[in-house]
Amino acid sequence: MRRNRSKLLGAINGFYAAALDRLPVEAMPALLPRLLKAGLCVGFLDPVSNIVVNTITYKKRVPVVAGGDPDGKSAAIPTRRRRRKALSRIVADTSNVGVCGPSHRLLRDMGVAARSLQALVAFLTNYFPYLRTCEALEYLRLADADLSVAVRLIEQDRSSDAFSFASLTTETALTCAAIAGWHPNPKSLVERLYSIASQIGEASNLLSMEGCLSCRAVKNISRLVKHQQQEPVDLVGATFLPRSLEIKEKQPPFVRMNTLKSILLDKIYGLYLDVIACLPMDGLRMRYHRGLLKAGHCYGPFENPVHNIVLNTVWYETMFPPQEEVSVQMICSRSLVRVACRSLNALVAYLRACFCTISEQQAMRYLFLTGANLWGAVEMARQECHAERNMLGLDLAWLQPPQHIILILMHL
C-alpha cells in the first residue's frame, strides 16, 4: 500500500503540472486559487482534463485581466513565479508515505494532489461492494490513476458490465469522493460533472486542442454547465473510454479470496431472489418455502442455477411432504443467506472432488466467472488442464428430469 500510494501521488503530481500548463493563468489568474481549492482529478475524462474541467467550472464566470486576448494571447507578462508557487502547493511528498492515508481532518490542510488520491479511492470503494482500500490502490496503480480505466479493470475482473454514469450508485459514489477530497461544494461538483457528461462530445472537442487553452475555450467550457440535460447519458461506451484499457489484461483476475467469496455469495443470493420471484406466490407461502430453505440448492443437472433451485425445491416437497401445512407471510433473508452459503460450499466441494489440483480460490474463481454454473465451472477447469480424479465412472444421465419438467423450467 505504501508503494502504491507513493507511485500514485507521483503520477498525480505530474497531472497537475500538465494541467497548469494547459490553463491560461496569465490571462485568468483566478484559475489558480480555483485549482488549489476545487481542482480534483475526479471524473471520467482523462485525469488532466478532469482537473482542467473541475477548475474552470468551479464557478460560473472566470474573469479576464485587462488586456487579455480572447484567443489566448494575453498582453500580461507570463507569471512563471506564480505557476511555480502554485505547483509547490499542489505537489504531494512521495518520499514519506504511510501505509494508511492521512486522516480526514488532516487531509483538509493538505495539497489538492493528496486530496485527489483520497477522492479516487473513495469513489471506487463506495461504488464497488467489498472492494478494500488496498485493492482500490492496486487498480488505480494499474490504471495510472485514471478513474475510468480503473472502473473498467474492476469490471473485467468481476465479469460485470453494469457501470452507468446515470445510476444512483454512481451519483452517491461521486458525492462520497467529493467529500473525501474536501471539495468546497460536493453537491455542485456532482451537478457539474453531469452537466459535462450530457455534452461530452462538445467538451472533448474543446479540450482536444494542444497546448494552453484559449480564453474563449475556457469560457465555452464554463458555459457547458448551464446546459444540463434532463436525463444524464450513459457513458459506458467503448468509444469514450481510453484506448489504453485494451491492453490492461490480467490473468487470473485480481480479486482477493475474501472479496471473491463475498461477491459470489451475493450472486447466489440473487439467484434465490429470482426463484422467489418466479414461483407462484400462494404455492411459495403454503408449500414450497420449506423445500427452498431445506434443499433448494443451486447445483443439479441444469446449467441454469435458478432451474436447479426450482427442481430441488419441488423434488424435496414431493419426496418429503410436511406432516402439517404451515403458511408463512415472509422468508427471512438470514435463512436465504444460510442456504446460499451451503450451496457455495457444496459447489466448491464438488469441484475440488472432481479435480485434484484445484484450490479453494480457483474453484471460487471458476464459479464466479460462470455465474455459479457448476457445469460451466467444470468445463473451464478442464480447459485449464486440471487433473481430474477417477470418479468411478459416475454417469449423471440418470439425474436428467423428464422432458416436460425441462420445458416448464425453461419458461420460468
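A: What follows starts with the chain and then goes through helices and loops.

This is a predicted model, in which local features need pLDDT of at least 70 and side-chain atom pairs count only at pLDDT 80 or more, while totals for chains, interfaces and linings use all residues. Residues are numbered from 1 along each chain as its sequence is written, and side-chain values use heavy atoms, with hydrogens and water left out.

The chain has 19 helices and zero strands. Helices (H or I, at least four residues) and strands (E, at least two) are DSSP runs, numbered from the N terminus. Of the 412 residues in the chain, 46% are buried. Buried means under 20% relative accessible area, exposed means over 50%, and partly exposed lies in between (1.4 Å probe, protein chains only). Among contacts with a separation of 6 or more, 74% join residues 24 or more positions apart. A contact means heavy atoms within 4.5 Å.

Take the pair H1 and H3. Two packed helices are described by the angle between their axes and the distance between the axes. H1 (residues 2-22) packs on H3 (residues 47-56) at an angle of about 55°, and the axes are 9 Å apart. Axes here are lines fitted to C-alpha atoms, for helices over the stretch in contact, and angles run from 0 to 180 degrees between N-to-C directions. The two helices are therefore oblique to each other. Angles under 35 degrees count as roughly parallel, over 145 as roughly antiparallel, 65 to 115 as roughly perpendicular and the rest as oblique. The crossing of H1 with H3 is right-handed. The near helix is turned clockwise from the far one in a right-handed crossing, and anticlockwise by less than a right angle in a left-handed one.

From H1, the contact uses Phe15, Tyr16, Ala18, Ala19 and Arg22. From H3, Pro47, Val48, Ile51 and Val52 meet them. By class, this contact has eight nonpolar residues, no polar ones and one charged. Ala, Val, Leu, Ile, Met, Phe, Trp, Tyr, Cys and Pro count as nonpolar, Asp, Glu, Lys and Arg as charged, and the others, Gly among them, as polar.

H1 also holds asparagine 4. Asparagine 4 is buried, at 5% relative accessible area. Residues up to four places away in sequence aside, asparagine 4 touches Leu137, Glu138 and Arg141.

Threonine 57 is buried, with a relative accessible area of 2%. Beyond its neighbours within four places in sequence, threonine 57 contacts Arg192, Ile221, Ser222 and Val225.

Now the pair H9 and H10. The axes of H9 (residues 168-180) and H10 (residues 186-198) come within 9 Å and cross at roughly 130°. That makes H9 oblique to H10. Their crossing is right-handed. H9 brings Thr170, Glu171, Leu174, Thr175, Ala178 and Ile179 to the contact, and H10 brings Pro186, Leu189, Val190, Leu193 and Tyr194. The contact of H9 with H10 has eight nonpolar, two polar and one charged residues.

Tryptophan 182 sits in the loop between H9 and H10. Most residues other than glycine have a negative phi. Phi of tryptophan 182 is positive, near 55°. At a relative accessible area of 29%, tryptophan 182 is partly exposed.

Next, H15 (residues 305-319). Its 15 residues reach 21 Å from first C-alpha to last, close to the 21 Å expected at 1.5 Å a residue. The expected span is 1.5 Å times one less than the number of residues. H15 is mostly covered, with 11 of its 15 residues buried. Among them are Val306, Ile309, Val310, Leu311 and Tyr316. The buried residues of H15 also include His307, Asn308, Asn312 and Glu317. Tryptophan 315 is partly exposed, at 46% relative accessibility.

H16 (residues 333-354) has 22 residues and spans 32 Å, close to the 32 Å expected. Leu336, Val339, Ala340, Ser343, Leu344, Leu347, Val348, Leu351 and Cys354 are buried in H16. Their cover includes H13 (257-278), H14 (281-295), H17 (360-369) and H18 (374-383).

Last, cysteine 385 lies in the loop between H18 and H19 (403-410). Cysteine 385 has a positive phi of about 65° although it is not a glycine. Cysteine 385 counts as exposed, at 69% relative accessibility.
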